[in-house]
Amino acid sequence: MANLVDDLGQEMLYLPGTASLVQDIDKRVMVVLRDGRTLIGFLRSLDQFANLLLTQTIERIHVRDMYGDIDRGVFLVRGENVLLCGETDFQKPGFEKLKQVSQEEILKIQAEELKEKEERQKLLKKAFQDRGMPYYSMDVADDCF
């Protein structure tokens, strides 16, 4: 990449905003969405709004020390839903600590975990109400802004 110069004539070491993603085109990236989903795929295109086009995409579901992958194919992500986007390197140490399980198994485990979480939330809400205090679940905080 050629040296870039900003408005003040100083050399820029990086591209600001979504333009910095241009260097990741045709590379494998991991995208974390606002709703908590994790997508892994090849970044093929993007625009000024950070809308991303991913190919050979998988959705990776993490539960405890396990993960499972679901094939999603071509995936268009609206920029306002992108929380984090970066190049991935699965050759680095530390990745081996996670155990890969089948798609059916990870979906079953995830459903069980969500059910347990809902039960804990109900108990917490009841405990707050018994004490005359309002209870706001952290799950709805995303809709507040």
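Predicted model: local features only at pLDDT ≥ 70, side-chain atom pairs only at ≥ 80, totals over all residues.
Let me start with one term. Two strands pair if DSSP finds at least two bridges between them.

Now the overview. The chain has 1 helix and 8 strands. Read along the sequence, the pattern is β-β-β-β-β-β-β-β-α. So much for the order. How much of the chain is buried? Of its 145 residues, 23% count as buried.

Next, the sheet. In what order do its strands lie? This open sheet has 6 strands, in the order β7-β3-β4-β5-β6-β8, and the pairing is mixed. At the edges sit β7, residues 82-87, and β8, residues 99-100. Each of these two pairs on one side only.

Strand β3 covers residues 28-33, and strand β4 covers residues 38-46. They pair in the antiparallel sense, over 5 bridges. Find Met30 on your screen. Its bridge partner in β4 is Ile40.

Stay on Ile40 and look towards β5. There, the bridge partner of Ile40 is Ile58.

How is β4 connected to β5? The two form a hairpin with 5 residues between the strands. Ala50 belongs to that loop, which leads from β4 to β5, residues 52-63. Ala50 has a positive phi, near 65°. That is a positive value in a residue other than glycine. Is Ala50 buried or exposed? Its relative accessible area is 13%. Buried means under 20%, so Ala50 counts as buried.

Now β5 itself. How many of its residues are buried? The number is 9 of 12, and the strand is mostly covered.

On to β6, residues 66-77. β5 and β6 run antiparallel, and 10 bridges join them. One example is Ile61, whose bridge partner in β6 is Gly68.

Asp26 lies in the loop between β2, residues 11-12, and β3. Its phi is near 70°, again positive in a residue other than glycine.

Let's move to Lys97. Where is it? Lys97 sits in the loop between β7 and β8. Its relative accessibility is 71%. The cut-off for exposed is over 50%, so Lys97 counts as exposed. Now compare sequence and space. Lys97 and Met66 are 31 residues apart in sequence. In space, C-alpha to C-alpha, they are 8.8 Å apart.

Last stop: the helix. Helix α1 runs over residues 103-130, and Glu118 is in it. Which residues form the negative surface patch that includes Glu118? They are Glu112, Glu116, Glu118 and Glu119.

To recap, follow the sheet by its bridges. Ile61 pairs with Gly68.

Technical notes: Residues numbered from 1 in each chain as written. Heavy atoms only, no water. Helix = DSSP H or I, 4+ residues; strand = E, 2+ residues; numbered from the N terminus. Patch = residues over 30% accessible without salt bridge, like charges linked within 9 Å, V, L, I, M, F, W, Y side chains within 5 Å. Areas by Shrake-Rupley, 256 points an atom, 1.4 Å probe, with all protein chains shown as cover. Salt bridge = Lys/Arg side-chain N within 4 Å of Asp/Glu carboxyl O. Lys, Arg positive; Asp, Glu negative; His and termini not counted. Charge placed at Lys NZ, Arg CZ, Asp CG, Glu CD. Buried < 20%, exposed > 50% of the residue type's maximum accessible area, 1.4 Å probe, protein only.
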